[in-house]
Amino acid sequence: APPTWGFVVCVYFLVQRRRQSERRHSWIMSDKPKGENPFGFLYDIRRIPCMRNTLLNATGAGIALGLHSFYRHRIPMNAMLTGMKATMLVSVVTWVTCRINFHHRTKQIIEIMKSQEKLSKKQESRPPPGTAAPTSAQSEPRPP
């Protein structure tokens, strides 16, 4: 089935955004500046893909389940353990699913960029619309 226009427009804007932000997001590509620390991502959490969503979801779920457990049983230690278990479980599940989706999105964007490059090369090789190349029938002289 052909993709919907919404998907095509979304991918187009993602490709344009990626082209504009290649310098900022060097973690997508394998080439890194020479003076950069290989463990620099440990100091700058913003550079790790999916970290924000994982931390927000896990923290929210841990607090919510911990408070719910405390409300139900009134035992602080069990409530804390329930909150920690929920935080760990939700963080692992969110991290894995986000990384899988990130990998597929990156793969799709690279494929679309390659197809756009092929299309632009094909369009560059065509002659301009007003100057059509002569066909074999036009190049032969007419008999008198």
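A58 touches T87, V90 and S91, leaving aside residues up to four places away in sequence; contact means heavy atoms within 4.5 Å. This is a predicted model, in which local features need pLDDT of at least 70 and side-chain atom pairs count only at pLDDT 80 or more, while totals for chains, interfaces and linings use all residues. Residues are numbered from 1 along each chain as its sequence is written, and side-chain values use heavy atoms, with hydrogens and water left out.

A58 sits in helix 2. Helices (H or I, at least four residues) and strands (E, at least two) are DSSP runs, numbered from the N terminus. At 3% relative accessibility, A58 counts as buried. Buried means under 20% relative accessible area, exposed over 50%, and partly exposed in between (1.4 Å probe, protein chains only). A58 also pairs in space with A86: the two are 28 residues apart in sequence and 7.3 Å apart, C-alpha to C-alpha.

Step back to helix 2 as a whole. It has 23 residues and reaches 32 Å from its first C-alpha to its last. That is close to the 33 Å expected at 1.5 Å a residue, where the expected span is 1.5 Å times one less than the number of residues. The buried residues of helix 2 are M51, T54, A58, A61, G62, G66 and S69. They pack against helix 3. An α-helix has 3.6 residues a turn, so residues three or four places apart point the same way.

Follow helix 2 to S69. S69 is buried, with a relative accessible area of 9%. Its contacts, not counting residues up to four places away in sequence, are R74, N78, A79 and T82.

I75 lies in the loop between helix 2 and helix 3. At 39% relative accessibility, I75 counts as partly exposed.

A search of the whole structure finds one disulfide, meaning a pair of cysteine sulfur atoms within 2.5 Å. It joins C50 to C98, S to S 2.1 Å. C50 lies in the loop between helix 1 (5-20) and helix 2 (51-73), and C98 in helix 3 (residues 76-125), so the pair ties together parts that are 48 residues apart in sequence. The torsion about the S-S bond is about -80 degrees, so the disulfide is left-handed. Both cysteines are buried.

P49 is in the loop between helix 1 and helix 2. At 14% relative accessibility, P49 counts as buried. The C-alpha atoms of P49 and R99 are separated by 7.7 Å, at 50 residues apart along the chain.

Finally, the overall picture. The protein has four helices and zero strands. Of its 144 residues, 18% count as buried. Among contacts between residues at least 6 apart in sequence, 64% join residues at least 24 apart.
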